[in-house]
Amino acid sequence: MKGLSKTQKFWVRFALDNYMQYSERADDAFILSKLIQNIKHAISNGGIIALTGMVGSGKTTLLRKIQQELTEEKQVIIARSLSTDKKRVTISTLYTALFLDLVKEKNFNAPTQPEKRERKFLELLKKHDKPVALFIDEAHDLHGQTLISL
């Protein structure tokens, strides 16, 4: 959680680990808003952010809410990996997802050679001049090499 203060890191971890335990409490809205605020701040600062929690704790719902807010605020470009066969998702698949969400040209073909692909990606990032957040639900199912590549 690069770029976050100790207090922000605490809030992200606290809320992720304990959100469902406190869902009945009156300060639930405060905890949720603090969590969303800190995750959005972390996204703006870049890096890899992992949202973890127990099955059924609301991670996917929370991600959708964050995506919705970021889309409405128009300060961050949202990209999504929609591939359902996570074990076969490679870094190339993730680059394809990024290109599909960043490039609006209908007949655009993303470069397949890694060096060209990464240079084109950096060019697109400079062009858009905004942070890009790639959301991958169920990322724990990604192939180990894909996780290392990230």
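A search of the whole structure finds six salt bridges, a salt bridge being a side-chain nitrogen of Lys or Arg within 4 Å of a carboxyl oxygen of Asp or Glu. This is a predicted model, where local features need pLDDT of at least 70, side-chain atom pairs count only at pLDDT 80 or more, and totals for chains, interfaces and linings use all residues. Residues are numbered from 1 along each chain as its sequence is written, and side-chain values use heavy atoms, with hydrogens and water left out.

Take Glu69 and Lys40, whose side chains meet at 2.9 Å, N to O. That pair links distant parts of the chain, with Glu69 in helix H3 and Lys40 in helix H2, 29 residues apart; helices are DSSP runs of H or I, at least four residues, and strands are runs of E, at least two, numbered from the N terminus. Both residues are buried, meaning under 20% relative accessible area, with exposed over 50% and partly exposed in between (1.4 Å probe, protein chains only). Lys40 and Glu69 also belong to a salt-bridge network with Lys65 and Glu73.

Next, Glu123 and Lys120, with closest N and O atoms 3.1 Å apart. They sit about one helical turn from each other because they are three residues apart in helix H5, residues 114-128. Glu123 is partly exposed at 46%, and Lys120 is partly exposed at 24%.

Glu118 and Arg117 form another salt bridge, at 3.5 Å, N to O. Here Arg117 counts as buried, at 6% relative accessibility, whereas Glu118 is partly exposed at 34%.
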